[in-house]
Amino acid sequence: MGLSETSPGTSGRVAAWVRRRLGLIVVFVMLFLLWEYAVKIFGIKEYLLPPPTKVWSEFLKRWPTVMGGAWVTVSEMVGGYLLAVIVSIPLALAVVRWRFVEESVYPLVVFLQIIPKIAIAPLFIIWFGFGFGPKLLIVFLLCFFPIVVASVAGFKSVDPDVMDFARTTGAKGLKMFLKIRLPQALPEIFTGLKVGAALSATAAVVAEFVASDRGLGYLLQQYNGNLETPMVFAIIVLLSLIGLAIYYLVELVERLVIPWHVSQRPADVTGI
């Protein structure tokens, strides 16, 4: 029996992942239909709760403006998130490997997480101005902590007996890291990556609320100040969809990288 007969290829895993998300699409459609008809049945004023059709029509009218703002916000989200990934995982490995880093640097990371990001955002504006940099840093700080914590837990969860056995076979250094420590830590690392992805949209909007003349956060403040409720809902829905897309992109990468892990197995619908 060949390899192609025993395990699905990349395209098969992607197709399976998409099929698993069909239920999510159905739920979203049902929620929007409930929203639409509830507004009409109960006679709710549009300035309080506009129906989805009104939100959609207003969104189409201002498509160029909104998508221009979306591009700015997505750039901040993706840039800050990738920076968090690049810094967090090596730092987590250093925390696990060296006691000095764990005792001196890791508490500092926890301290930075405790500080409210909305409180230090104005300082970033003072130090770095009103450009792309401050927004990038705020997204980085908000996404950084969950990735570090999950990665530390992952690297520490490696079975010492497995490590000892690998050493008896002559494995060491980079080979041991790539073959044993990293694969066993990946499930925990991806947990942190998904939490960080979910936080990226919040971080970008917080940054734009503080000081910005572009982006979806800036537009949200403008529409809210003008009592343009349909556009407020349009921005909120768009932000949610962008955050959801980033989250599921990370989940898709997880499914491709660690298809062997128990978290990627289909649910048992016949048992309890």
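Reader: What comes with the model before we start?

Author: It is a predicted model, where local features need pLDDT of at least 70, side-chain atom pairs count only at pLDDT 80 or more, and totals for chains, interfaces and linings use all residues. Residues are numbered from 1 along each chain as its sequence is written, and side-chain values use heavy atoms, with hydrogens and water left out.

Reader: What makes up the secondary structure of the protein chain?

Author: The protein chain has 12 helices and zero strands. Helices here are DSSP runs (H or I, at least four residues; strands would be E, at least two), numbered from the N terminus.

Reader: Why are H11 and H12 called roughly antiparallel?

Author: Helix H11 (residues 216–225) and helix H12 (residues 229–257) have axes that cross at roughly 160° and come within 8 Å. Axes are lines fitted to C-alpha atoms, for helices over the stretch in contact, and angles run from 0 to 180 degrees between N-to-C directions. Angles under 35 degrees count as roughly parallel, over 145 as roughly antiparallel, 65 to 115 as roughly perpendicular and the rest as oblique. So H11 and H12 land in the roughly antiparallel class.

Reader: What residues make that contact of H11 with H12, and of which classes are they?

Author: On H11 they include Leu 216, Leu 219 and Tyr 223, and on H12 they include Ile 235, Leu 239 and Ile 242; contact means heavy atoms within 4.5 Å. By class there are 11 nonpolar, one polar and no charged. For the sorting, Ala, Val, Leu, Ile, Met, Phe, Trp, Tyr, Cys and Pro count as nonpolar, Asp, Glu, Lys and Arg as charged, and the others, Gly among them, as polar.

Reader: Then why are H5 and H6 called oblique?

Author: Helix H5 (residues 63–97) and helix H6 (residues 99–114) pack at about 135°, their axes 6 Å apart, so oblique is the word for H5 and H6. Their contact includes Arg 97 of H5 and Arg 99 and Glu 102 of H6, and its classes are seven nonpolar, no polar and three charged.

Reader: Why does Lys 194 count as buried?

Author: Buried means under 20% relative accessible area, exposed over 50%, and partly exposed in between (1.4 Å probe, protein chains only). Lys 194 comes in at 15%, so it counts as buried. Lys 194 sits in helix H10 (residues 173–210) and touches Tyr 247, Val 250, Glu 251 and Glu 254, leaving aside residues up to four places away in sequence.

Reader: And Leu 227, buried or exposed?

Author: Exposed, as its relative accessible area is 69%. Leu 227 lies in the loop between H11 and H12 and has a positive phi of about 55° although it is not a glycine.

Reader: What makes something the largest nonpolar core, and which residues have the most contacts inside it?

Author: A nonpolar core is a set of buried Ala, Val, Leu, Ile, Met, Phe, Trp, Tyr and Cys residues joined through side-chain atoms within 4.5 Å. The largest has 57 residues, with Val 66, Leu 216 and Ile 235 having the most contacts inside it. Helix H8 (residues 132–156) gives the largest share, 12 residues.
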